[in-house]
Amino acid sequence: MAEKTFIVRIKRQQRADESVRWEEYELRYRPHMNVIICLRDIAERPFTRGGVESTPVSYDANCLEEVCGACAMLINGTARQACTALVDDLEKPIRLEPLTKFPLIRDLVVDRSKMFEDLKRTHCWIPIDGTYNIGEGPRMAPAVQEKGYPLARCITCGNCLEVCPKVNSNDSFVGAAIVSQVRLFNMHPTGAMHSAERLDALMGPGGIAECDNAQNCVKACPKGIPLTESLAAVNGQVLVHAVKSWLRGE
Amino acid sequence: MTVPKIIVVGGGLAGLMATIRVAESGVPVDLFSIVPVKRSHSVCAQGGINAAKNLKGEGDSTWKHFDDTIYGGDFLANQPLVKGMCDAAPAIIDLLDRMGVMFNRTPEGLLDFRRFGGTLFHRTAFAGATTGQQLLYALDEQVRRFESEDKVRKFEGWTFLSVVLDDGGVCRGICVMDLKTMEIRTFPCDAAIFCTGGIGAVFGRSTNSVVCTGSAQSALFQQGVYYANGEFIQVHPTAIPGEDKCRLMSESARGEGGRVWVPKQAGDTRRGKDIPESERFYFLEEWYPKYGNLVPRDVATRAIHKIVFELKMGLVGEPAVYLDVTHIPREVLDRKLEGILEIYEKFVGVDPHVEPMKVFPAMHYTMGGLWVDNEHQATNVPGIYAAGECDYQYHGANRLGANSLVSCIYGGMLAGPAAVEYSRGLESGCESVPAAIFERERVRQQDISDALLNQHKGTENPITIWREMGDIMTENVTVIRYNANLEKTLVKLDELSERFTRINLQDRTQWANQTLSFVRELGNMLILARVITLGALARNETRGAHYKPEFPERDDANWLKTTKASYNGGEIILNYEPVDTSLLPLRERKYTAKS
């Protein structure tokens, strides 16, 4: 019996300022393959379908169980994690491209440091007094934990930014992931004491007002985070905050 | 000297905690990591973190946590630091809680605790089944706060190559490679803290992340840092086998009532859920009535091996057993185990709420690691500290579930201030070291990269060598160890090292060349594999995770000692030192007793 194979097409680019080329690889099918295994197969035998020797494809990956956020890319045009993209479920030929809303480094690797910078800008942390042993944390109702925990599972993959029409070279929207983190920290008993700092950061350019409610983000989230709920909640908080600031004459 | 300069390498739990402690003391930190630190392997820890808070009225205490840990580790761990860790654990949980970790709660709003392997107490705090992720994020956020105050500089996307040693053998800096530009640079420091995690890649497929290669540890070993107890490798009993990695199914599944079983009738072809209760063999509950499904990992793993390979009672068509949570109410599963059940469903395509999961043991953790002293996380080389999975101190011959997160954080808490204190005590700091010392190391490392890039006649593929190494290490140096097979493994490693000299890089570019960094890691992995195998070969006894059927008993007279490997001119030498058992007398480790 002939060996079962399938085709993977990959958008290759050595650097952002170099030309794009598409390469096709014919890979041997095995059960339970995912896109990561495809990329490793290519690294072990980097010859295109036409028999031309190429180089292993550069890509980001770490945990391989969809909890680190590293391996986001466009797979058949959809922004998703490569580790959970199973070959059996994908239309062939499989098409791999880098995310488009972040600066390209090489092949499928992009620079998502903007998201980490935005987490910094929006003060997404609990400002503790220090690591000294000063007793227990605040009590928290189970209902609050059950709302907060799903938000805390955000893996900063960037898929929600990739699909957002307001994240582009003209608009500077921070994106749903960051807004949802602001909601998380504003929800925490200690974090709430400092919610004004975070809301201030979301009031200017790139802030919550730039969301035009396309609702693509929530569908693209691999962790099922209720992003549109977060956008609505933080939008409400920002409005109240703005009115209060105005009344205080700030 | 002026203000000390501290470098931390690795941004998982241990590295982040060390960073926080140093920054908090007013000393600036440079933090280096291969991946953005928020993507470090700590995210993969699932079940929880141990601390004897005794919130369930069970009479738990930090002494009992200490006893369980030492007993679970088969008395190989030095006892004082383990006691320190167990004593500190409740305050560590409080700290994490204050940092905003979304731990599961009781109706009263207090932290909830569940049971884990190797204990009879509810001692494990948890945030769903993604506790490591939640803890990592909390520390990541604190470090980001320090970063915004310019107390921490992050270097993400850099890989560690070596330390810069002065002529007196003192660490004066590190040599690293930028994974984008492939530039090799040195950075001076007064002390460097290594928190570089696990070594899963040495075994090919494991539960570890891609970055867990042990390359940094091996590089340090080759520069004179001792490597201790390398032969103690934990194989987790329940993982989903996979070609790219084995995905962990947390012990917390059993902590919440999950049961391990196989059909009583070998070769039963019915689906798991169609096999009635009376025809199931709950072998852990039967063989270990007191601890049941929550025996320590080495015990559960050997039991599964016995079922599958000796008794031939594994599931039809593949080496596996069932891990069953289908009897647990859906509401409980959603609240406490969602994270792992989602992984099973996404990768296997079967709903574990309805069908029992098929699992098999997989390499998971190294108890061994860089040798550090019994007080400060200091290695034998002045200026080099280590904490987290990459050190050897806390778990003896077998780690208990949910002790890794607490050991990472505790180690980081000690290493940070210790490195600062050491630096403050230096007569002269790194700024007084001649530039030539740094340049010498940079050139040495550049030459290694250049030699690989300029090797045009290579025929050997790096992935192939890596896979062959992983296969033989998994086959011969994990669950069951025979000396003849260990000898064969050493021969194979020799062959692979020889083939490594003829490696074909395939990618000779100077931009985001992942092959170059992988090949450099692979060279280091081959040496670490030898350390592990030699340690296993020498140790003729059975202790914790180290099981030799030819020597089935623990042999305290000859082997109650720490393996301490050193490297001398390309040769690996094994030395031994006594274990500090000053707090808890030795006793037989036996989990078979009735309750």
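## Helix packing and a chain contact in a predicted model

In this predicted model, the axes of helix α5 (residues 215–222) and helix α15 (residues 514–538), both of chain B, come within 8 Å and cross at roughly 70°. Because angles of 65 to 115 degrees count as roughly perpendicular, α5(B) and α15(B) are described as roughly perpendicular to each other. On the α5(B) side the contact is made by Ser215(B), Gln217(B), Ser218(B), Ala219(B), Phe221(B) and Gln222(B), while α15(B) contributes Glu521(B), Asn524(B), Met525(B), Ile527(B), Leu528(B) and Val531(B).

Helix α1 (residues 13–24) of chain B has 12 residues and reaches 16 Å from its first C-alpha to its last, close to the 16 Å expected at 1.5 Å a residue. After α1(B) comes Gly26(B), which has a positive phi, near 90°.

Between the chains, 55 residues of chain A are in contact with 56 residues of chain B. On the side of chain A that touches chain B, at least two residues each are supplied by α1 (35–44), β6 (104–106), α2 (113–121) and α3 (142–152) of chain A.

The table gives the residue classes for the two contacts.

| α5(B) with α15(B) | six residues | five residues | one residue |

Methods. Residues are numbered from 1 along each chain as its sequence is written. Chains are lettered from A and ligands numbered from 1 in the order in which they are written. This is a predicted model: local features need pLDDT of at least 70, side-chain atom pairs count only at pLDDT 80 or more; totals for chains, interfaces and linings use all residues. Helices (H or I, at least four residues) and strands (E, at least two) are DSSP runs, numbered from the N terminus. The expected span of a helix is 1.5 Å times one less than its number of residues. Axes are lines fitted to C-alpha atoms, for helices over the stretch in contact, and angles run from 0 to 180 degrees between N-to-C directions. Angles under 35 degrees count as roughly parallel, over 145 as roughly antiparallel, 65 to 115 as roughly perpendicular and the rest as oblique. Two residues are in contact if their C-beta atoms, placed from the backbone, lie within 7 Å. Ala, Val, Leu, Ile, Met, Phe, Trp, Tyr, Cys and Pro count as nonpolar, Asp, Glu, Lys and Arg as charged, and the others, Gly among them, as polar.
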